[in-house]
Amino acid sequence: MSDVLVSMEGIDKSFPGVHALNQCKFELKKGEVHALVGENGAGKSTLMKVLAGVYSKDAGRILYKGAEVEIPNPRAAQHLGISLIHQELNLMNHLSVAQNIFIGREPRRRPRLFLDERRINEQAKGLLEMLHLDIDPRTKVADLTVAKQQMVEIAKALSFNSEVLIMDEPTAALTEKEIEDLFRIIRQLRDKGVGVVHISHRLEELKQISDRITVMRDGQYVGTTATKEASIDEIIRMMVGRTIFGARPELPEKPSSEVVLEARHLHRGRVIRDVSFNLKRGEILGFAGLVGAGRTEVARAIFGADPLDSGEIYVRGERVHIKTPADAVRHGIAYLSEDRKRYGLTLGMDVESNLVLAAFHKFLGYLGWVNRSKTGERADHYVKALNIRTPGLQQKARNLSGGNQQKVVVGKWLTADTNILIFDEPTRGIDVGAKSEIYRLLNDLAKQGRSIIMISSELPEVLRMSHRIVVMCEGRITGELASGADQEGIMKLATQRGETRAA
Amino acid sequence: MTEQTAQPEAPAAAKRSLARSGSMQTVLAFGGLIILFVGFSIASSNFFQFENIVGILLATAVNGVLALGVTFVIVSGGIDLSIGTVMTLSAVMTGVFVTNWHVPVPIGVVGGLAIGTAAGLVNGIIIAKMKVPPFIATLGMLNIAKGLALVSSGLKPIYFNDTPSFNQMAMGSALGALIPGFDVPNLVLVLFGAAIIASLALSRTILGRYTFALGSNEEAARLSGVKVDNWKIAIYSVCGLFSGLAGVLIAARLNSAQPSLGQGYELDAIAAAVIGGVSLSGGEGTILGTVIGAFVISTLTNGLRILSVPQEWQTVVTGGIVILAVYLDVIRRRQR
């Protein structure tokens, strides 16, 4: 067993309201590529952040080369030889490649205040050559492609003489060609005895690169198999195999056939590629896909928050030109961001103000004076209708629970008379009990004839709530499923990479 | 294969780099400076005279030194609004030391520098340790320094009449002694000396490297093991040191410490840095750019005065130039 580098046992980690890791275990051997897979929110990144000292564990132990270790911060991890390459790259764009690699431990010249730029560049060059990377160490990081920036991160990790290299979704933004390069380097490191942890959603890819696969689900360890012996279908089953919602959903009646929103051939750079779909009156249309599939981007584009390169949008059969969110609201479209606290609410203001904020013009009286009795009446109406639990209308939005905050955002858009509601991860950060209430609210809205697009990364939620499900992957729609589809079906579409892209 | 794909990328990347980076704005600022010189020279024969050029150099010195210091802070992603009044406080304290306490001039000067550095140090601690946003922290320091300057001067200017060597230090001309007729005041030499030191510090030292690192991505720097807080304190202290130097210079030049002077200087200094290509979002900028920016402002002011444009309108014009410079910075950032 001397070839076991890392072994984590019984790891527990809670964040306020979320039990992120529950008795998790993980093992990494010298010279292996170990894939860590699971749905969004399964706890993969959290587990690895514990190993890299970004988070501290609540319970459990970590053995490094057979000895128990404490890893309180990233520096301690680095010191042990454990490096984590974050999903969002951690580079300083204004500095050069070499400067980034050696940040924090620059070679100096006498007097010690001065940098030895030549040595920084030479040593960086050596590292890059070792990885067979054709990058000039003096290039500014901002001028590199994302793929090359990632290579720089790897070079930086190696400069710490890392023996454990954790990569969080390293291929998410890479082209096929770049992925090949990355895999070449991963194999090279593996052959040198480095243990590589590869977190990814892309199962085909894992077949190519990994030696073993560990599956996680809902913060728990599911199992580990040798890659050779596992089929993709089997892994998908391990990833989703659960039934959180026992009963079949009770969807509102069939939506009418009247199309209220239609998108045709939307394009925006590489993030939205030829997206077309329609939404009917009284329908809940689920948008499934992995993080970064382009669902939020489509929603923001329709809402006028981001510009489109091309494409047409029709509201109730009429071509509309939505350039700003104000245009969208005028056409009755609302977007409820997943980050409620930042984009949905003015946290420091009270419930009443939040509820009427998007339609203030309706409550203005003589000389623009706000008619408080009217705003109070309307706010009171929605507090009751939406069952918002608040001690009063004057309660600050900040003090409400996540579920009730979400309801306030919904109420705000109802006050503004919008009838096409785009929900982005409506239950994110909301505890389990309040979730079902949000679901009921969505159903009620649909019953009242409002149309809903629900973007969600939680497959059971999408399956339970939607009349139809659109699945996206890498900016394009890879399929449409009727309600009654299964998780495996969605996962297959959501991981279906497009034809080879041009680099 | 790798080489082949990499090749077409390189020239495009280089071009992108130039267009994006602050160096483009430095070139623009330099072009602007030349245009101002040519324009004013044509408009008035009084402009391109040795006396007037010296006047411009003199006018640049104090603002230029302030701008050097604040360049460090802005490149690191912060802001320092207190430099103007910290300068005043340093000037007044130099006066207190030299005139009231009869301390020898060199020691008084060191004292003045120390006061400025101390103010910067306090700024740094408030920002780095107490996590007060730089805008607010230094706005507070602006008032603290202003108040202290008024208190310690007793609301009256302090004159250096007992120590003529002090004024001589700034307004005398070591160059003029070497090259007869080339009477460039020492003050100007101090500006260039300070600029050279600042330039070395920003581009060659560990302090400079971390100044850029903080401005570019503070979190990444922290995760790489850089002691972010300590370096922030160092950066604000350096800025304070330059404010202190500016205080000593303005006192020497006027042969007096004026307790009510100083507020508003911070904006001219920040403007100089921004005009020269220092990005208000941090991570970009050069000392050369800042010096050019400072010259743009003083040349503009000087030229407009020669053309008899009223003082009030000069202020309007410089305000417009600052907005233009920041707008260019915004455009540059949007292109990414």
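Visitor: Which residues does Leu249(B) touch, not counting residues up to four places away in sequence?

Guide: Leu249(B) touches Ala61(B), Val62(B), Val65(B), Ala170(B), Leu187(B) and Val190(B). Contact means that two C-beta atoms, placed from the backbone, lie within 7 Å. This is a predicted model: local features need pLDDT of at least 70, side-chain atom pairs count only at pLDDT 80 or more, and totals for chains, interfaces and linings use all residues. Residues are numbered from 1 along each chain as its sequence is written, while chains are lettered from A and ligands numbered from 1 in the order written.

Visitor: What makes a set of residues a nonpolar core?

Guide: The members are buried Ala, Val, Leu, Ile, Met, Phe, Trp, Tyr and Cys residues, joined through C-beta atoms within 7 Å. The largest such core has 243 residues, and Leu249(B) is among those with the most contacts inside it. Helix α12 (228-254) of chain B gives the most to this core, with 16 residues. Helices are DSSP runs of H or I, at least four residues, numbered from the N terminus.

Visitor: How many residues does each chain bring to the contact?

Guide: Chain B brings 25 residues and chain A brings 21. On the side of chain B, α11(B) gives the most, with 11 residues.

Notes
Helices (H or I, at least four residues) and strands (E, at least two) are DSSP runs, numbered from the N terminus. A residue is buried if 20 or more other C-beta atoms lie within 10 Å of its own, exposed if 12 or fewer, and partly exposed in between; C-beta atoms are placed from the backbone.
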